[in-house]
There are 2 protein chains.
Amino acid sequence: MELRQLRYFLKAKELLNFTEAAHSLYISQSTLSQQIKHLEDELGVPLFDRIGKRIVLTEAGRLFADYAMQSVHQADNGLQILQDLNNMDTGEIRIGLTYGLKPIFTPALIRFMTKYPKMKLQVVLGTSQELLERLTNFEFDFLLSFLISEKEKHFNYQLLFQSPMALVMAKKSPLSAKKKITMEEISELPLALPAKGYSTREFITEVFRERGLSPEISLEINDIPTLLDVVKTGNWYSILSQFSISKKDEVASVPIQGVNTQRRAMIISLKGSYEKKSVKAFYEFIKAASENLS
Amino acid sequence: MELRQLRYFLKAKELLNFTEAAHSLYISQSTLSQQIKHLEDELGVPLFDRIGKRIVLTEAGRLFADYAMQSVHQADNGLQILQDLNNMDTGEIRIGLTYGLKPIFTPALIRFMTKYPKMKLQVVLGTSQELLERLTNFEFDFLLSFLISEKEKHFNYQLLFQSPMALVMAKKSPLSAKKKITMEEISELPLALPAKGYSTREFITEVFRERGLSPEISLEINDIPTLLDVVKTGNWYSILSQFSISKKDEVASVPIQGVNTQRRAMIISLKGSYEKKSVKAFYEFIKAASENLS
DNA sequence: ATTTTAAATCGGTTTTATCGATCGATATAA
DNA sequence: TTATATCGATCGATAAAACCGATTTAAAAT
């Protein structure tokens, strides 16, 4: 068993297609096919079921995948820590970012890249749910998100700041003059909310559920700028964290009354994973940006 | 980077001698030398310092070793879990055993091997301290020992039974008629105790320390049967757990008064390591043996 | 029925790991 | 101080393996 074979297996498992996997690994399909076979021979059990020209993971494949992933990951970590030992000016940082935290991220990014121009960053925007999933698969060094549901024990959390939820509406809306608004009032309004998977949406659903309210959710949109465009028409209202609404969005916002509407912005990383110096440095840039904005 | 290279590296790190390491890996010295070099080239930093004809781990080597070990271990675990999936009648169990728990282990071993004759067992007797150290290096599936100091969070503990400490003496000793004895009385006697590293010794030291007693320890022996031979002369007394003294040892024992002299016999294993079916089965045999004896 | 698609297989090529022999350096013994 | 043994590095040759392209086989799709 070799790491090369484990890497091949994991890619094949990911794509469930030998031809594509081979292509993405820059090897031929025949090579991949052979190496998987060798691995299976050594393990004494098939990792894939060949159903016609389709492949699916076997029970054994599912079980084995976790160990293969860990093994490869530990080796990568070892490499990383040594490269880190030499200099922190090179290397790559992979970051998961939720829309809501873009305002904090962008200035941090710019300052960081100015200071360390040789670093390579890879930023993926997405919903908290999908980013957490990918973090678990070692696809990110960390991600920026509002806290979704409960903390999980295999993640590390660093609190950046808290921000209350606010009702968002067109500037011309009569409600924009109010100082505060309750969830009860909101539940009577036509709402356009972020789609499922967004931490904000999960949070809103939970708050409504706690209070036994069943609001009218007429629109679900998986893109925040579009959501704001909809709100600007004046026909719908939305709920976002106060923080993520900037002036140039040209909408009005009214804070929501209630202790439990505080959203906690977090840096989330994977416990047990080696944390590069460069990543730690980035944390400081993000924390500095958070303090400036609050 | 390949697992093969990591295995080579770990063996070289263990023996700190390329020639011996190569021999123990059934490869030539030149091959090992080359493969270590390739690995170092890829990592961009030497893992060993070559001081004359001696090699020592570099800082980088020390850091990298943990990751290499984890990587190899995870791959091995993956293989193990799949072999386990097929049948639990084959494979090897590696067990660390302290002298004090031999009486419980031996009958469990015999029954287990009778039921699963194809299994291969490897049993290492030693002190708790050295066995715990080796458990951390993945050298055992589990070990049997009385609990030493505090529980550590990277170990799993399963309590087997509790046994009080007892003063051990020759049958002819006048003290053998007593029903109980205090630590204060003991501290006046000439003592022969297990050497450092034995859980029992660590425990005794701690109990004396707590009570501010400074006993006369005239003999330290790292072999329990020898210790008992010494005790049989009548010139010395020893302290062992009540349980580990059997009738055929031909010594008398008197329970020690005091709540805190209870020793806890434990199965200790490494958290996060995959636990083979066969190992779980063995646990049951050990637990059954504990219940019978108590 | 025909075409397309995807994995397995085959033969040949390239790369890599491995070995034995040797070299150079160093520690040890005479 | 000199001779000897020991250890890691290096070199050239060989064996093993990974790899590729072409082809085959079988199952979907048309």
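For the angles below, axes are lines fitted to C-alpha atoms, and angles run from 0 to 180 degrees between N-to-C directions. I note that this is a predicted model.

**Entry: two helices in chain B**

I looked up helix H1 (residues 3-15) of chain B and helix H4 (residues 59-86) of chain B. Their axes come within 9 Å and cross at roughly 125°. Angles of 65 to 115 degrees count as roughly perpendicular and those over 145 as roughly antiparallel, so H1(B) is oblique to H4(B). The crossing of H1(B) and H4(B) is left-handed.

Which residues meet there? From H1(B) I list Leu3(B), Leu6(B), Arg7(B), Phe9(B), Leu10(B) and Lys13(B). Their partners in H4(B) include Phe64(B), Met69(B), Val72(B) and Asp76(B). I sorted the residues of this contact between H1(B) and H4(B): ten are nonpolar, two polar and three charged.

**Entry: the two chains**

I superposed chain A on chain B. A rotation of 180° with 0.1 Å of shift along its axis does it, with an RMSD of 0.1 Å. That is the relation of a two-fold axis.

Which residue of chain A comes closest to the rotation axis? I found Ser71(A), with its C-alpha at 2.1 Å. Of the interface residues of chain A, 100% are also interface residues in chain B, so the copies meet through the same surface.

**Entry: the UniProt record**

I checked residues 1-58 of chain A. UniProt lists them as "domain: HTH lysR-type", in an unreviewed entry. Over this stretch, chain A is 60% helix and 14% strand. The end C-alpha atoms of residues 1-58 are 19 Å apart.

Notes: Residues numbered from 1 in each chain as written. Chains lettered and ligands numbered in written order. Predicted model: local features only at pLDDT ≥ 70, side-chain atom pairs only at ≥ 80, totals over all residues. Heavy atoms only, no water. Helix = DSSP H or I, 4+ residues; strand = E, 2+ residues; numbered from the N terminus. Parallel < 35°, antiparallel > 145°, perpendicular 65-115°, else oblique. Left-handed = near helix turned anticlockwise from the far one by under 90°. Contact = heavy atoms within 4.5 Å. Nonpolar A, V, L, I, M, F, W, Y, C, P; charged D, E, K, R; others polar. Least-squares fit on C-alpha atoms with pLDDT ≥ 70 in both. UniProt positions renumbered as here; feature names shortened; annotations may be inferred.
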